[in-house]
Amino acid sequence: MDLREILGKYNLPLNVANSLQKELEILLYSCKREIEAEIQISLEMLRNTFNAMPDPAAIWERTIDGKIVLKDINTSFKDVTQGRMSENIGKTPQEIYGSDSQVVKRLEYVMKSGLPMTDGNFHKGRFTTPGRYFLVESIKILEDHVLSIARDYTEDIRIEEELLRSNERFRALFEYSPVGLFEEDYSKIKKFLKKLHVEGVEDINGYLQVNSHIIPKLINSIRILDMNKAAIELYKGKKKTDILERLYRYPSPRAHSAFLKELNFLWNGLLNFTYESSLQTVDGDIIHTVIGFTIVPGYEKSWEKVLISISDISKRIEAEKVRKELEKRRDNFVWMTSHELRTPLTVVIGYCDFLTKHIDNIQSEQRAKILDIVKRNLQRLERFINDVTILTKIDQGILKIQTEDVDICQLLWDTLSLYQHLIEDRISTNICQSDEKVVLQVDRERIQQVILNVLENAIKNSPKEKTLIDVSLSILSDKIIIKISDSGAGIAKENLERIFEQFVSIPTEFSSGGTGIGLHLCREILDAHNGSISADSPGIGKGSSFTIILPRGE
């Protein structure tokens, strides 16, 4: 049964029922198409991102029966292996690499522990051109999925093998490498781990918790044989003795944590790995690093020579914080988008139900008010969808500004007429005389969208009563200035620029925040017109003002 049949029970005029039915069908169809399109775009972006990764990447999945199988590989992986790896999709790592492979141990470790891990022994001519080496980082991305990214380190391996062929060249390259390098003796650590295996110890972490007093002794049993200039500079020391004193006499809790990570890797039979840690420099600064651990070939049985590489990744950590902030903004945007769609729909459906139940008792004046409310909520929904559409075009670089001669005075009056129900009570204007014209070359629809977004922002962040919103227009020889002011929630000084960033939404006492796209969209549109928008506020609770500037042509 459709809406017309339902409303017919209440003797609602057929033309009214048909009109409401048509409007709701259009609204619901539009919403459905928009949501489906956004979901499709998101899925396509994820697939494109995976395939566009410059490094070979693979996704491993744990199946219902507990097996780990190769789920998918990206385009780069297919190219590097000349299509041969595609034949292994659906197979276990044991079937692909052999049961004793480090790949099997690495995947099982990451899947079980949830910790990222890097393995330097991968694709040594098995599926790629002989002589190529890859450093593979594995990260658990979902409950039963691991993402492995292979970075081509063929040249690094070639240099390392060359170093081993010539001790003199090795020392020279070691000393002048741009990466901080340590040469260390782990032979006593090997003996300690062998002793535990003989004694039948199964849980290294449990053993160390009970015997924590031996950890400092184990750390001090590691002999530093040499370090290069980059390592000294990394620790901000002047000479090697500065670093040795720091490491031996004043081991930090961070050194303690790093050692326990290494011990876990070694206990699980991994002789080449990397992990992230932080270290304390001679002058007390803390820096974030990636530490690489490699048993020098030829010393696998004794561990008398271990090469430790340390790279400063502090900038990468900062970039990761920025990425997480963007993800947080995105999640907030998704939640607020749902809210922005649901709110006007709830109002429309509620009033439609009211009309259905009380149509015979509603006066024409009251009916007109209800329909006006329904219309305004549908217009609000339409403006929101327009904002999302324009923002998508901006992000894709396909937004076109179509300028024409526009009377800015008339445009302001037309825009304010949409808020006719508020003008007398809350909005004061000082813009143009009735016969005054100020013609600009602008995109009419986009500039009206800017004014509407700023007005909506002022109304949303002001109390429903007693707050006056002032709209003024100043006409100068080279530009026009539109100023929209309110005495509402106000803006903290540190947020005056942030509110124009994409997906940034700041709650106030009158609003839980928005999607974070309206003001950002205003700035993008005005930038495309060589104009600008800025915000000013005396502080929280003291109102705010937004200034829109558009240049005047010759």
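How many of the 17 residues of H18 are buried? In this predicted model, the count is twelve, so the helix is largely enclosed by the rest of the structure. Helix H18 covers residues 444-460. The distance from its first C-alpha to its last is 24 Å. This is close to the 24 Å expected at 1.5 Å a residue. The buried residues of H18 include Ile447, Val450, Ile451, Leu452, Val454, Leu455 and Ile459. The N-terminal end of H18 is capped by aspartate 443. A side-chain oxygen of aspartate 443 lies 3.3 Å from the backbone nitrogen of glutamate 445.

Strand S6 (residues 180-185) is likewise largely enclosed by the rest of the structure, because six of its six residues are buried. Both of its faces are covered. Gly180, Phe182 and Glu184 are buried on one side. Leu181, Glu183 and Asp185 are buried on the other. Strands of a sheet pair through backbone hydrogen bonds, either parallel or antiparallel. S6 pairs with strand S10 (residues 306-312) in the antiparallel sense, over five bridges. It also runs antiparallel to strand S7 (residues 223-227), to which four bridges join it. Glutamate 184 takes part in both pairings: its bridge partner in S10 is valine 306, and in S7 it stands opposite isoleucine 224.

A further set of strands forms an open sheet. This sheet has five strands in the order S12-S14-S15-S17-S16, with mixed pairing. Its edge strands are S12 (427-430) and S16 (532-536), each of which pairs on one side only. Neighbouring strands of the sheet are turned by 15° against each other on average, direction ignored. S16 meets S17 in the antiparallel sense, with five bridges between them. Within this pairing, aspartate 536 has serine 545 of S17 as its bridge partner.

Aromatic contacts were then examined. The whole structure contains nine aromatic pairs. In one of these, the ring centres of phenylalanine 265 and tyrosine 275 lie 6.4 Å apart. Their planes meet at 40°, so the pair is tilted. Phenylalanine 265 belongs to helix H13 (residues 253-267), and tyrosine 275 to strand S8 (residues 272-280). The two residues are ten residues apart, and their pair links distant parts of the chain. Phenylalanine 265 and tyrosine 275 are both buried. They also belong to a cluster linked by ring pairs.

Phenylalanine 500 and phenylalanine 546 make another pair, with ring centres 6.3 Å apart. The planes of these two rings stand at 75°, so the pair is edge-to-face. Phenylalanine 500 lies in the loop between strand S15 (479-486) and helix H19 (518-528). Phenylalanine 546 lies in strand S17 (residues 544-551). The pair therefore ties together parts that are 46 residues apart in sequence. Both phenylalanine 500 and phenylalanine 546 are buried. The charged end of arginine 523 sits over its ring, 4.2 Å from the ring centre.

Terms used. Residues are numbered from 1 along each chain as its sequence is written. This is a predicted model: local features need pLDDT of at least 70, side-chain atom pairs count only at pLDDT 80 or more; totals for chains, interfaces and linings use all residues. Side-chain values use heavy atoms; hydrogens and water are left out. Rings of Phe, Tyr and Trp (its six-membered ring) pair if their centres lie within 6.5 Å; planes under 30 degrees apart count as stacked, over 60 as edge-to-face and the rest as tilted. Buried means under 20% relative accessible area, exposed over 50%, partly exposed in between (1.4 Å probe, protein chains only). A charge sits over a ring if NZ of Lys or CZ of Arg is within 6 Å of the ring centre and within 35 degrees of the ring normal. The expected span of a helix is 1.5 Å times one less than its number of residues. A polar contact is a pair of N or O atoms within 3.5 Å; within protein, one must be able to donate a hydrogen and the other to accept it, and residues adjacent in sequence count only if both atoms are side-chain atoms. Two strands pair if DSSP finds at least two bridges between them. Axes are lines fitted to C-alpha atoms, for helices over the stretch in contact, and angles run from 0 to 180 degrees between N-to-C directions.
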